[in-house]
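Subject: Handing over a structure, with notes on helix packing and voids

Dear colleague,

Please look through the structure first and then read on.

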Amino acid sequence: MRIDAHHHLWDPTRRAQPWMDGPWADPIRRRYTQADLVPHLAAHRIDGTVLVQSCASDRETLELLAVAAAEGPVRGVVGWADLTAPGLPDALAALPTGLVGLRHQVQDEPDADWLGRPEVRRGLRTLADRGLVYDLLVTPRELPAAQAVVRALPELSFVLDHAAKPAVARGDWQPWASALTALAALPNVACKLSGLVTEADWAAWRPRQILPYARHALDAFGPDRVMFGSDWPVCTLAADYADVVALAEAATDRLTAPERRAVFGGTATRVYGLAARPRTRP
């Protein structure tokens, strides 16, 4: 299967998206449905997707799971739940099928060491007990905390979103590159090749500016621990779906055919335990 391991669906009129905190978000401040995405998937022979939360909402998670349960391309949901809540085990047990992992906007927490808090670690152990994955939404600021928690919880599978969002637009390389290499040395974490176009200059980016970051992630983690994700529709702030796919294909053009198959589906299928479902065509 070819898998898009990271996309979103939302309706700002139904639920606030606090991260859309300025006019910069106006182009994507509208409803996005599965029907909007399916033509892009068909055009690039994407067989399935992982649908990822966009706000800290139990209700959103239930809605995303309902999308996954219906006919369509979604193979699994990375939702949200309060990791610090004592009732987390019961809350997870009550959810419908389709949940493959959880995520929290760690990048927005004032505390750069939020992942190191005892109550957060307790919640992450609950995920490990249930066989779920934890998506790390962090920036270079939080990479040290991410490395510490991944090392402390070898029983839990982690996925690093957007290669930790390096500052491509500024051309920053360190300390991101060294921190990413250190994180990749831990075997229980994979990395998404996603979200890099929106870390570049939205109006003037070129592949040559982004490819070194993508290839460093591939070198650090290896293709068996890297998965393609479009980050649609956030990516449309800087590029269309076809551009994002082309960028990922350029980043992987030095790999063997089996390695490319891992990046474009095999890794996500294994890490998230995705079930096969027929592709929906427009």
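Predicted model: local features only at pLDDT ≥ 70, side-chain atom pairs only at ≥ 80, totals over all residues.

I begin with helix H7 (residues 207–221) and helix H8 (residues 241–251), whose axes come within 9 Å and cross at roughly 55 degrees. Angles from 65 to 115 degrees count as roughly perpendicular and those under 35 as roughly parallel, and H7 and H8 are therefore oblique to each other. The crossing in which H7 passes H8 is right-handed. On the H7 side the contact is made by Pro-207, Ile-210, Leu-211, Ala-214, Arg-215 and Leu-218, while H8 contributes Leu-247, Ala-250 and Ala-251. Sorted by class, this contact has eight nonpolar residues, one charged residue and no polar ones.

The other pair is helix H5 (residues 143–152) and helix H6 (residues 176–184), which pack at an angle of about 5 degrees with their axes 10 Å apart. That angle makes H5 roughly parallel to H6. Here Leu-143, Ala-146, Gln-147 and Val-150 of H5 meet Trp-176, Ala-179, Leu-180, Ala-182 and Leu-183 of H6, and by class the contact has eight nonpolar residues, one polar residue and no charged ones.

The lining of the largest cavity divides into nine nonpolar, four polar and no charged residues.

As for the pockets, the largest has a volume of about 420 Å³, and among its 18 lining residues Trp-19, Trp-24, Gln-107, Lys-165 and Val-234 are the closest to the centre. Its lining comprises seven nonpolar, six polar and five charged residues.

The second largest pocket has a volume of about 310 Å³, and of its 15 lining residues Leu-9, Trp-10, Asp-11, Tyr-32 and Glu-63 are the closest to the centre. Helix H2 (residues 58–69) supplies the largest share of that lining, four residues, and the lining as a whole has six nonpolar, three polar and six charged residues.

With best wishes

Definitions and conventions
Residues numbered from 1 in each chain as written. Heavy atoms only, no water. Axes fitted to C-alpha atoms, helices over the stretch in contact; angles between N-to-C directions. Helix = DSSP H or I, 4+ residues; strand = E, 2+ residues; numbered from the N terminus. Parallel < 35°, antiparallel > 145°, perpendicular 65-115°, else oblique. Left-handed = near helix turned anticlockwise from the far one by under 90°. Contact = heavy atoms within 4.5 Å. Nonpolar A, V, L, I, M, F, W, Y, C, P; charged D, E, K, R; others polar. 1 Å grid on protein atoms, 1.4 Å probe; cavity = no way out; pocket = protein on both sides within 12 Å on 5 of 7 lines; lining within 4 Å. Points joined across faces, edges and corners; volume = space filled by probe spheres on them.
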